[in-house]
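Please keep the sequence and the 3D view open while you read.

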Amino acid sequence: MGKKVARAAKLRTRTLKVKTAGMPRAGYSVLVGSGLIESSFEGLIGKGQKGGKGGGGRALVVVDAKIPRETIEPLIRNLDRAGVRWAAKVVTASEADKSLSTLEATLIEAARLRLERGDLIIAVGGGIVTDLAGFAAGIYRRGVRIVQCPTTLLAMVDAAVGGKTAANLSVPGEDGKAGLLKNAVGVFHQPARVVCDVASLRSLPLRELKSGLAECFKHGLLSGGLGDRALLAWTEKRCDDFLAQSGAALAELVARNVAVKARVVQADEREESTKPDGGRMMLNLGHTFAHAIETLPGLAWKDPAQGVQMVGPLKHGEAVGVGLVCAARVSAALKLCEKGLPARVEALLNRAGLPTRIEGLPASEQIIERMGHDKKVAAGKLRLVLPIKACRTRIRSDVPVKTIAAAIDAVRL
Ligand SMILES: NC(=O)c1ccc[n+]([C@@H]2O[C@H](COP(=O)([O-])OP(=O)(O)OC[C@H]3O[C@@H](n4cnc5c(N)ncnc54)[C@H](O)[C@@H]3O)[C@@H](O)[C@H]2O)c1
C-alpha cells in the first residue's frame with residue numbers, strides 16, 4: 001500500500017492561494033505534492049531570511065507522536081543546515097490532550113526556545129496538532145507565523161486550511177462529571193503557509209484515511225457553486241484509487257478539496273454570512289448529526305468493505321458520513337434535492353468502507369436534543385445545512401422534527 005504513495009515522489013507540486021482579510025492580495029500558499037515537509041520552512045526562515053537576524057532564526061516543531069522518524073528527520077536535518085535553532089514539542093493526538101494544559105506546555109516550549117515574533121512554529125500532524133499549534137501560534141507574543149504540515153487526509157482538506165484553531169475544555173456537568181466541550185476556545189490565526197505532503201499519508205492507518213474521505217464527499221456535495229461542479233462525480237469515479245493510496249489520485253483529491261475549502265473561507269472568513277447557502281457554515285453539512293452521535297459509546301456497525309463488525313465510538317469522519325446520509329434524506333423528504341441523492345451518498349460511503357447503518361443509536365428524540373446542543377429545540381426546529389440540487393446547499397430552520405427523526409431512523413441497523 002505504502003509503495004504507491006512513495007512513488008508519488010515524482011509528483012509535480014501544485015500551489016494554491018488562499019486570500020484572507022489580513023492578506024487580501026498575496027494571501028498564503030497551500031502546496032500540494034510529495035516530499036515537501038522537509039523544506040516546508042524555506043523562504044520563511046533560515047540563513048539570509050528576514051527572520052534569521054544574521055543567524056538562522058528559531059523554529060518550534062510541534063509534532064504528532066505517531067509521525068514516523070522518516071517523515072520528520074529530513075525536516076530537522078534541513079533546519080540544522082539552514083542554521084535554524086529548533087526545539088520539538090511532541091503531542092499525543094487525542095481529544096483529551098487537545099487541552100489548555102497541552103497548549104500551555106507548547107507555549108512554555110516556545111518561551112524556552114526564546115521564540116520571537118519573527119520566528120516560526122511548524123506543525124506536523126493531524127487536525128489535533130494543527131489546531132493546537134495554530135492556537136499557540138495565534139497567542140504566543142500576540143501572534144507568530146505558523147507553517148501547517150497536515151499529515152492526515154482530513155487535516156489536509158479541512159483542518160489546516162482556513163485559520164480556525166482550537167483547544168477543548170473539560171467542563172463539569174450538573175452530575176459533577178467532567179465533559180469535553182470540543183473546540184470551546186481558540187482564535188482565528190491564518191497560517192503563513194500550508195504544506196500538504198501526500199507522502200506523509202503513507203503511515204496513516206486506513207481507517208483514518210477513510211475518515212478523511214468523508215469530508216471530501218461533503219465537499220463534493222457542496223462544490224457546485226464553488227468552481228468544481230464535477231467534484232462529486234470525479235470522487236465517485238476515483239474512490240478505489242484513493243483507497244489504494246495512489247499518490248497522484250490523492251494529490252489531485254487534496255488539491256481540488258483545498259480549492260473548494262479555500263473558496264468558502266475566502267468569501268466568509270469568520271462565518272458571518274447570512275446567505276441562504278450558509279456561507280462558511282455550509283462546511284457543517286452532515287456535522288450537526290455527526291456531533292450528536294460521534295461521542296456515543298456502545299455503537300456497532302459492519303465495515304461494508306471487509307464485513308468486519310466494528311464497535312464504537314465512531315471516528316469524526318465516520319460520523320460525518322452518517323450525517324451526510326441523514327442530511328440527504330431530510331433534503332429528499334423536503335424535495336430540495338434529486339430523489340436519488342440519499343442512495344447515491346450511501347453507495348459512495350459503502351464503496352469507501354464507511355458506515356451507513358449503525359446499531360445501538362439512542363432514541364431519535366435524544367439524538368435531536370443532542371443536535372440542539374442539549375438546549376430545548378425551539379418550537380421543534382433546528383438549523384440544518386442541507387444538500388440541494390446541483391451540489392449546492394441551503395440552510396433551513398423549518399424542518400419538522402418528525403422529518404429529522406425519520407432520517408435518523410433510516411440509519412439504524
Ligand atoms: N480547524 C478546523 O477548521 C478543523 C476542521 C476539521 C477538524 N478539525 C479538528 O481536527 C481534529 C481531527 O483531525 P484528524 O482527523 O486529523 O485527527 P487526529 O489529529 O486525531 O489524527 C488522527 C490519528 O492519526 C494519527 N496520525 C496523524 N498523522 C499520521 C500519520 N501521517 N501517520 C500515522 N498516524 C498519523 C494521530 O496520531 C491520530 O491518532 C479534531 O480535533 C477536529 O476538531 C479542525
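Asp158 and Lys261 form a salt bridge, and their closest N and O atoms are 2.8 Å apart. This is a predicted model, so please read every value here as computed from it. The pair brings together distant parts of the chain: Asp158 sits in helix H5 (residues 153-159) and Lys261 in helix H8, 103 residues apart.

Are these two partners buried or exposed? Asp158 has 13% relative accessibility, and because buried means under 20%, Asp158 counts as buried. Lys261 has a relative accessible area of 4%, so Lys261 is buried by that cut-off too.

A second salt bridge joins Glu271 to Lys164, again with the closest N and O atoms 2.8 Å apart. This pair also links distant parts of the chain, 107 residues apart: Glu271 is in the loop between H8 and helix H9 (287-293), while Lys164 is in the loop between H5 and strand E7 (167-172). Here the accessibility is of another kind: Glu271, at 30%, counts as partly exposed, and Lys164, with a relative accessible area of 38%, is partly exposed as well.

Arg256 belongs to helix H8 and Asp228 to the loop between H6 and helix H7 (231-243), so the bridge ties together parts that are 28 residues apart in sequence. Both of these residues are buried. Salt bridges that share partners also join Asp158, Glu215, Lys218 and Lys261 into one network. How many salt bridges does the count come to? The count comes to 19.

Now let us turn to the way helices pack. Two packed helices are described by the angle between their axes and the distance between the axes. The table gives these values for two pairs.

| Helix pair | Angle between axes | Distance between axes |
|---|---|---|
| H6 (residues 206-222) and H8 (residues 247-267) | about 50° | 10 Å |
| H12 (residues 364-371) and H13 (residues 401-409) | about 110° | 9 Å |

What do the angles tell us? H6 and H8 are therefore oblique to each other, and H6 passes H8 in a left-handed crossing. On the H6 side, the residues in contact are Leu209, Leu213, Cys216, His219 and Leu222, and they meet Leu250, Leu253, Asn257, Val260 and Lys261 in H8. Sorted by class, this contact has 7 nonpolar, 2 polar and 1 charged residues.

For the second pair, an angle of 65 to 115 degrees counts as roughly perpendicular, so H12 and H13 are roughly perpendicular to each other. Their crossing is right-handed. H12 contributes Ser364, Ile367, Ile368 and Met371 to the contact, and H13 contributes Val401, Ile404, Ala405, Ile408 and Asp409. By class, there are 7 nonpolar, 1 polar and 1 charged residues in the contact of H12 with H13.

One last stop is Glu73, a residue of helix H2 (residues 69-81). Glu73 is partly exposed, with a relative accessible area of 31%. What distance separates the C-alpha atoms of Glu73 and Glu38? These atoms are separated by 8.0 Å, although the two residues are 35 residues apart along the chain.

Methods
Residues numbered from 1 in each chain as written. Predicted model: local features only at pLDDT ≥ 70, side-chain atom pairs only at ≥ 80, totals over all residues. Heavy atoms only, no water. Axes fitted to C-alpha atoms, helices over the stretch in contact; angles between N-to-C directions. Helix = DSSP H or I, 4+ residues; strand = E, 2+ residues; numbered from the N terminus. Parallel < 35°, antiparallel > 145°, perpendicular 65-115°, else oblique. Left-handed = near helix turned anticlockwise from the far one by under 90°. Contact = heavy atoms within 4.5 Å. Nonpolar A, V, L, I, M, F, W, Y, C, P; charged D, E, K, R; others polar. Salt bridge = Lys/Arg side-chain N within 4 Å of Asp/Glu carboxyl O. Buried < 20%, exposed > 50% of the residue type's maximum accessible area, 1.4 Å probe, protein only.
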